[in-house]
Amino acid sequence: MAGGIYLIQDDDRLVEMMEQPYDSEDQLQDLLVTYPNLIAGDQIDRVTARRWLLISREAAPSDEETAVQWSLDHLFLDQNAVPTLVDVRRTPNADIRQKVLGQSIDYAANALVYWPVDSIIALFEANCRDRGRDPEQIFEEFLGANANEDLFWQKVKTNLQAGKVRLVFVADEISAEMRRVVEFLNEQMDPVEVFALEIKQYVSEDGLKTLVPRVIGQTAEAQQKKSSATRERRRWDESSFFAEIKARRGADEAQMAKAIYLWAKSQEPEVQIQWGTGDAYGGFAAQLPQRGRKPYQLFTVDIAGRMEISANNYGSQPPFNAEPNWLELRSKLSAIGLSLPIEPGERRSPSLALFTLQDESALKQVMETFDWITNEIKKA
């Protein structure tokens, strides 16, 4: 048995605590669910410690094309909406190490396919129900009462599209071989972050227990390459966004995005425009401020050439949280190609491809629809 650590009690008594293996992988997994801070966010990012929102334990998406079933021990999000994929093993041997590394990298490469953002939201809500907690309360505890939940989930989607995820391999002991592999992957994979997390358990004769986490893989080279990965980066504006969407999607789609943007500008000050942040993806949101409540987000337009709305945003607030109004909204949005769910408040994000608005009458109908929506909200 390995050497221990020492705890000084209030009576100046020195208590020796000896390293002790976990009884099972389940024990270590349970600890991560109960104490997410064991994922040592202050070691992963020493400037701004990472905090964790548990999405699901035993997350198991499936690849319909190959009918292969996958199972991940834990799926977390940090406060910057970066998906963090956690795999737990007790002292993995060479065979398990190769399997875990290969499978987790497979997850990272295909995360957007396996976990579209609607699926992640559904997993989060199911996990909250299983724990007897309200999803909105947990979200407020995580990001604060003034946080915009819709923008947060949109950022999750943006990170998935950009391949910006984090892999964390957890064990009670990380071998030298595993350390070298993780350090190599973290230096070479960008924007993916790869870490191993060693969590040793120390127990005293009278039952005191101490857990000591240590992050492995945060080399100086990796930190230098990814110094911007955990910080808010480029904030888009009118000039940079329209130049970029024109380069990516062509002049026609840029012109359609511009027309929608000018509609929103024409509604000021009732409607406000908020620009997003990020290196690879970006866009703007049109919001309707409300006294004493969070802004009413009308829609977002992004660099991928999509106009998107949040069904939950509309269905959880007046006037569209009333069934007759919801059905009328559903009918009007369906006419322009945005399909709302039957039930209000469901967490879905219907989107409309801008290239479908090439006909001038179609674009005009979109603007007239949001004129009606804005007026209905202001009357409520």
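**Helix α12 and its surroundings**

A: Start at the end of α12: the helix is followed by Gly 337, whose phi is positive, near 100°. Bear in mind that this is a predicted model.

Now the helix itself. α12 covers residues 323-335, which makes 13 residues. At 1.5 Å a residue, these should span 18 Å.

Which residues of α12 are buried? They are Trp 326, Leu 329 and Leu 333. These residues cover an arc of only 65° around the axis, so they lie on the same side of α12. Their packing partners are two other helices: α11, residues 311-315, and α13, residues 360-379.

The structure holds 19 aromatic pairs. Take Phe 139 and Phe 152: their ring centres are 5.3 Å apart and their planes stand at 70°, so the pair is edge-to-face. Phe 139 lies in helix α5 (residues 135-143) and Phe 152 in helix α6 (residues 149-161), so the pair ties together parts 13 residues apart in sequence. Both Phe 139 and Phe 152 are buried.

Tyr 261 and Trp 275 form a tilted pair, because their planes meet at 45° with the ring centres 5.7 Å apart. Tyr 261 sits in helix α10 (residues 251-266) and Trp 275 in strand β11 (residues 272-275), so this pair joins parts 14 residues apart in sequence. Tyr 261 is buried, as is Trp 275.

Last, the whole chain. It has 13 helices and 15 strands. Of its 380 residues, 49% are buried. Among contacts between residues at least 6 apart in sequence, 63% join residues at least 24 apart. The accessible surface comes to about 18,300 Å², and carbon and sulfur atoms account for 47% of that surface.

Technical notes
Residues are numbered from 1 along each chain as its sequence is written. This is a predicted model: local features need pLDDT of at least 70, side-chain atom pairs count only at pLDDT 80 or more; totals for chains, interfaces and linings use all residues. Side-chain values use heavy atoms; hydrogens and water are left out. Helices (H or I, at least four residues) and strands (E, at least two) are DSSP runs, numbered from the N terminus. Buried means under 20% relative accessible area, exposed over 50%, partly exposed in between (1.4 Å probe, protein chains only). Contact means heavy atoms within 4.5 Å. Accessible areas come from the Shrake-Rupley method with a 1.4 Å probe; for residues, only the protein chains shown count as cover. The arc is that of the directions from the helix axis to the C-beta atoms. Rings of Phe, Tyr and Trp (its six-membered ring) pair if their centres lie within 6.5 Å; planes under 30 degrees apart count as stacked, over 60 as edge-to-face and the rest as tilted.
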